[in-house]
Amino acid sequence: MQLLPRDLYEKLEFDKVLELLEKECLGELGADAARNLRPVSDVGLIERSLDETREFRLSIDEKDHFPITAYQVISEELRMLEVEGYVLPEEGLRNIRSVLVFARNIFKFFKGGRRETYPALYANIRELSFDDALIEAIEKVVDEEGNIRPDASPDLLRIRRQIQSKQKELERQFRIIINEYRNKGWLSDNIESFRNGRRVLSVPSEHKRKIRGIIHDESTTGKTAFIEPEAIIEINNDIFDLETEERREIYRILRELSAELRPYVPQIRIYQDVLGHFDFIQAKARLARQMNAIKPKVFDKPHFGIQQGRHPLLYLKNKNLGKPTIPFDFVLFGENRVLMLSGPNAGGKSITLKSVGLMQLMLQSGLLVPMNEGSEMGTFRELFADIGDQQSIEDDLSTYSSHLENMRKFLNQAGPDSLVLIDEFGSGTDPKIGGAIAEAILQQLNHKKVFGVITTHYSNLKIFAFKTRGIVNGSMYFDKESLSPTYELQVGRPGSSYAYEIAEKSGLSKKVLDYAKHRTGKNEKAVDQLLVDLQQEKQELEDKLRVMKEREDKLDKLIKNYEQLHRELEYRRKKMKLELKEQALQQAARDNKDMERLIREIKEQQNLEKAKEAAMKAREERKQLSEEVGGLREEIYYKPVAREDKRETIEVGDFVKLRTGGATGTVESIDRNKAVVTMGQMRMTIKLRDLQHARAPLEVQSTRSVQADMAAQAAGFESKLDIRGMRYDEALKVVEDFVDQALISNTNHLQIVHGKGNGVLRKAVRKKLKEYNVPMDIRHPEQQQGGDGVTLIEIK
């Protein structure tokens with residue numbers, strides 16, 4: 001992300017946020033990451049960093065303790081350990097063990113359900129593994145305090161036991177000597193001491209010749225000699241030899257352990273990096289908790305949808321003082337990209353401008369931002385700011401020259417992905433000339449489609465913002481009654497500077513104010529008021545246009561719904577006609593017996609011609625009725641539905657439904673003349689001939705009530721279900737959905753056609769119906785109406 005000018009962090013006070021972040025770190029690795037934190041434009045990196053911080057804050061809020069505390073950096077130990085033959089001291093091993101224990105605890109933390117609870121945090125170690133063998137190897141040699149264990153090796157254990165034995169012997173012998181010489185009065189008040197690593201007696205000079213032994217030292221006055229008695233010299237020599245042997249054994253153990261750890265230095269370094277990264281994350285989470293910050297919805301493009309935003313540093317300051325912080329909403333609708341912010345001095349314009357810039361830097365640095373849930377923010381590739389006095393003696397720049405230098409850089413480098421922040425635009429020179437130059441610069445910036453927040457007092461810039469597409473006026477609300485700022489941002493209307501009112505409140509004399517008003521005339525105030533009125537009318541017109549657009553969208557949806565309902569009504573009408581014809585066909589079959597009886601009677605009367613005519617007539621009637629039924633069935637079930645894209649063939653991804661009715665599904669795959677269709681949680685294999693195109697499921701409007709939805713569902717419910725040709729498990733699911741919809745729509749009489757066959761589908765229907773704790777009468781119709789190939793249900 002490109003930033004201008006060089007001191008942008010200081011201008012927006014982002015450096016202070018980084019200082020607060022560094023204080024929350026537990027070790028140098030996290031602190032170093034905080035100091036080097038930089039904003040990025042990659043929305044993937046931003047999202048991942050925000051998710052990590054959000055999840056860690058969740059663990060803090062839920063008191064789900066993450067295993068991390070203060071730690072030591074082991075970079076130097078690892079660097080030295082890579083040197084072949086280097087022997088790591090006990091302290092270095094202790095520090096390495098500490099980091100490894102942290103890593104082990106982190107891996108243990110993510111066992112169980114925490115991987116699903118904190119997926120972004122777990123992603124940092126998902127590809128890693130941890131082996132306790134490294135810790136076990138160190139703990140065999142060094143304890144938690146960093147001391148060599150007595151049992152680090154059998155030889156070391158033997159040596160230390162011998163040292164302890166010799167020390168006990170030395171103590172016993174020394175006590176005997178002390179008692180003897182004390183009784184003779186040969187010892188000073190301070191009976192014993194240590195010199196050159198040896199235990200010695202403190203003997204007055206006049207008695208030093210009376211005690212046999214080695215004189216190791218004398219006091220500075222020469223009055224006391226420090227003598228090692230002859231009786232313990234041999235014991236001290238043995239102890240010295242054993243301690244030398246002990247040091248050699250410890251060195252051998254450390255050398256072997258260092259050689260054992262050396263191949264794992266890269267892996268240990270990864271564990272240290274993971275520890276540092278989690279330290280950095282916990283620091284961001286704790287800072288976010290102090291600021292009451294959240295993760296907004298992030299867009300991969302410039303966008304502002306801040307709800308109840310608060311300046312991070314001002315919020316922390318007021319929180320410590322027990323004072324409230326006035327939040328602001330900053331949302332740009334439509335084509336608006338630049339906010340022209342005006343209003344009185346000390347009204348909060350600059351704070352709002354800095355808040356927007358600081359929150360943008362925080363977001364793109366992976367920090368949660370202090371605003372309400374539901375807020376939205378975009379990402380920018382460049383952030384430019386011109387804030388405060390940038391006068392430079394070193395660069396030979398005046399205040400206004402420094403502003404112009406910044407504007408030149410902005411114009412050269414800004415684009416559609418740039419955020420430009422300009423405070424007191426046009427100030428620093430003659431108001432008329434400065435205002436004209438500022439308007440020209442603003443015109444060029446707007447032409448480049450930049451986003452930005454600009455504060456000003458100039459009326460020509462407010463008028464330009466009103467007339468220009470892409471720029472919207474805004475103001476900090478000022479209480480005219482109390483003549484005091486409220487620090488509330490109002491987007492959509494320009495603000496007045498209220499210079500005369502504030503001057504009057506400050507105590508300037510009426511004579512001075514009258515003169516000033518006479519010099520400015522009435523036009524200045526009239527322009528401000530005209531702008532306010534025009535902006536209000538413009539806002540009202542835009543609101544009306546938005547309402548009209550919403551109504552137009554609703555009307556389009558209603559028309560589509562009507563057309564679909566009309567088609568479904570026509571389908572039902574034809575289906576009803578088909579059912580009537582089918583019933584007539586069944587009745588004709590029942591009447592067939594009567595016809596045969598009639599033919600027998602005619603035959604008995606030897607009137608063959610009449611019999612032939614009656615039989616021929618009956619066959620013709622049945623044939624005609626059968627053709628009508630077949631035609632209706634083809635028209636209803638197998639006639640392609642009209643589609644908007646004019647396609648009739650069914651393809652993968654199309655929305656389809658059974659020609660006999662039912663729910664809408666999606667085609668997953670097609671194999672020759674069959675298709676795999678997904679309907680809700682079900683997957684079914686159906687012949688293409690039995691499918692027809694269907695519209696995508698309609699979106700249910702949120703404003704509709706539950707009762708209205710249920711009424712619509714009831715109106716579209718078919719009380720007859722045909723499951724012939726389905727598998728057992730498919731039939732169970734379809735029958736369950738069918739009965740559920742019947743119960744919802746209060747339909748009492750149901751008919752399920754399953755065919756006779758081997759009775760598997762009939763049993764499936766019976767099994768599913770028994771699962772419902774609802775009184776119902778289950779039976780089969782008469783044989784001529786389908787018999788045991790049809791199940792009739794009456795819900796009581």
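The model is predicted: local features need pLDDT of at least 70, side-chain atom pairs count only at pLDDT 80 or more, and totals for chains, interfaces and linings use all residues. Residues are numbered from 1 along each chain as its sequence is written, and side-chain values use heavy atoms, with hydrogens and water left out.

Biologist: How many helices and strands does the chain have?

Modeller: Both are DSSP runs, numbered from the N terminus: helices are H or I, at least four residues, and strands are E, at least two. By that count, the chain has 24 strands and 24 helices.

Biologist: Which residue is the bridge partner of Phe 655 in β17?

Modeller: Strand β16 covers residues 655-658, and β17 covers residues 665-671. They pair in the antiparallel sense over two bridges. In β17, Phe 655 has as its bridge partner Thr 666.

Biologist: Is Thr 224 buried or exposed?

Modeller: Thr 224 lies in strand β5 (residues 224-229). Buried means under 20% relative accessible area, exposed over 50%, partly exposed in between (1.4 Å probe, protein chains only). Thr 224 has a relative accessible area of 19%, so Thr 224 is buried.

Notes
Pairing = 2+ DSSP bridges.
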